Amino acid sequence: ASKQLARRCDTYAQTHPQTLKMARIAAIALCCSSAAALSSPAAGLQAQTAAPARAAVAAAPEPFLKDFTRPMSIPEEGIAAAVEVMRGGRLFRYCATSAETSQVAQAEKEFAAMVNQKYALGVNSCSSAIMLALMAVGVEPGDQVITNGFTFTALPSTIMRLGAEPVLVEATKSWIMDLDDLEKKIAAFPDAKVLLLSHMRGKVADMDRVVEICEKNGITLVEDCAHSCGVTWRGKQLGYHAKVTAYSTQSDKVINSGEGGFVTTDDDEIAAKMIYLSGCYERRYGKHAVRPPDDLCEVAMAEMPNLSCRMNEVTAAVMRPLIKNLPQRVEAYNRRYDAVVKVLREEAGDVIVVPTQDERVGTVGDHLNFYLTGVTDEQNALFRQTCVAMGVPVSWFQSKVNARWHVNWRKYGSPTFDLPNTDEVLRFAYDLKMPPYFDDEDFPAFAKVIAYASNVAAGKIE
């Protein structure tokens, strides 16, 4: 098997030079493993006797040759709309002649309808959306904000940007916030009055219990739905439990605008504040298609600072078709995701665990998340090397550069919290994009690579 993998890795590396180094590492590691097994006469005799059976089990899949880094394409309708904006020169949202002719204003209207909320405000990133949400609910310097210990670095960064302090909560094996630990953190930090709840990679905690905990303790809920466009709770788009919710349209998400996001709410006063915080000025609130009463906008105009994090017209133009066709694309995401999980469970179900979700969650399979069980750190490293060498760039959550591991946040000053459960979950945990441009048959193909690599690492293939 080691020779077969080495040959296939060499073939792959000829067409993908950037992975040549990793291909050699994986092949050498496997060869060393085989050499160790033959280091004694008894082991050698046993290996020779069992060789035919192992060879049958060890047939390696073909290396995967497609590029996982490529995001979804922009539909022709979005490209045409963006070109039209550029021809007219009105790239700044408030250069539009009216709300009706503004791409941003219309995207806000369409997004608000998609998430079933009264107001949506387009901004330049989800981090900006989170910042505006926290400011709008009253977070000030010196405050403590409770948030996930397993999420993207933007959450603690944004809390700290406001001069507040993040309080980190453990994650469960399902990769959601540990609500028992949430209650412990609320008791340990009684001054904390805001929960910034991240649905990391679209994994959703028990929202009924979250709301109950928040109401019981006087906690204001803000939801980070960066990974949750299309994800539902009890049949409704996720995000409706919060006072304010943030969404992302960055290229790795299911709505691709390059960079961008929305912040949503049903609260009139908060909506007015966020319009002006985002960069509205003078009486340009009239160029928002979904906006609160004018008198509230007038108050916000006088009282709110201008943070200039507006969405531009080209960004909105490219994304509007993707807002419209998201329900159809969710079906395709999930069908392909199921095909991958089926292979992993059938071919490596005793090594790979794919977390399941609460039955009340409607999922979107745009990323594959899993962890290995019953392996050592050395076997875990061999798994990564083999996957990457064969063209499947799995991302390890405990890498020293991974932006989702709380230990790495300490380097820029995020408070240190002991999160042993989270660390144990992430120790053998992985993340992988599920590119929409792949063909249906590609998904079980790369799943077979992952399954094979896990079996190699676990010593099931020699």
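# A buried strand and some aromatic neighbours

Welcome! Val194, Leu196 and Ser198 point one way from strand E4, Leu195 and Leu197 point the other way, and all are buried (under 20% relative accessible area with a 1.4 Å probe, protein chains only; over 50% is exposed and in between is partly exposed). This is a predicted model, where local features need pLDDT of at least 70 and side-chain atom pairs count only at pLDDT 80 or more, while totals for chains, interfaces and linings use all residues. Residues are numbered from 1 along each chain as its sequence is written, and side-chain values use heavy atoms, leaving out hydrogens and water.

**Strand E4 and its partners**
- E4 covers residues 194–198; strands are DSSP runs of at least two residues (E) and helices of at least four (H or I), numbered from the N terminus.
- Strand E2 (residues 144–148) pairs with E4 in the parallel sense over 3 bridges, where pairing takes at least two DSSP bridges.
- Thr147 has Leu196 as its bridge partner in E4.
- E4 also pairs in the parallel sense with strand E5 (residues 220–225), over 5 bridges, and the partner of Ser198 in E5 is Asp224.

**Aromatic rings**
- The model has 21 aromatic pairs, counted for rings of Phe, Tyr and Trp (its six-membered ring) with centres within 6.5 Å; planes under 30 degrees apart are stacked, over 60 edge-to-face and the rest tilted.
- Phe92 and Tyr94 form an edge-to-face pair, 5.6 Å centre to centre with 85° between the planes.
- Phe92 is partly exposed at 30% relative accessible area, whereas Tyr94 is buried at 4%.
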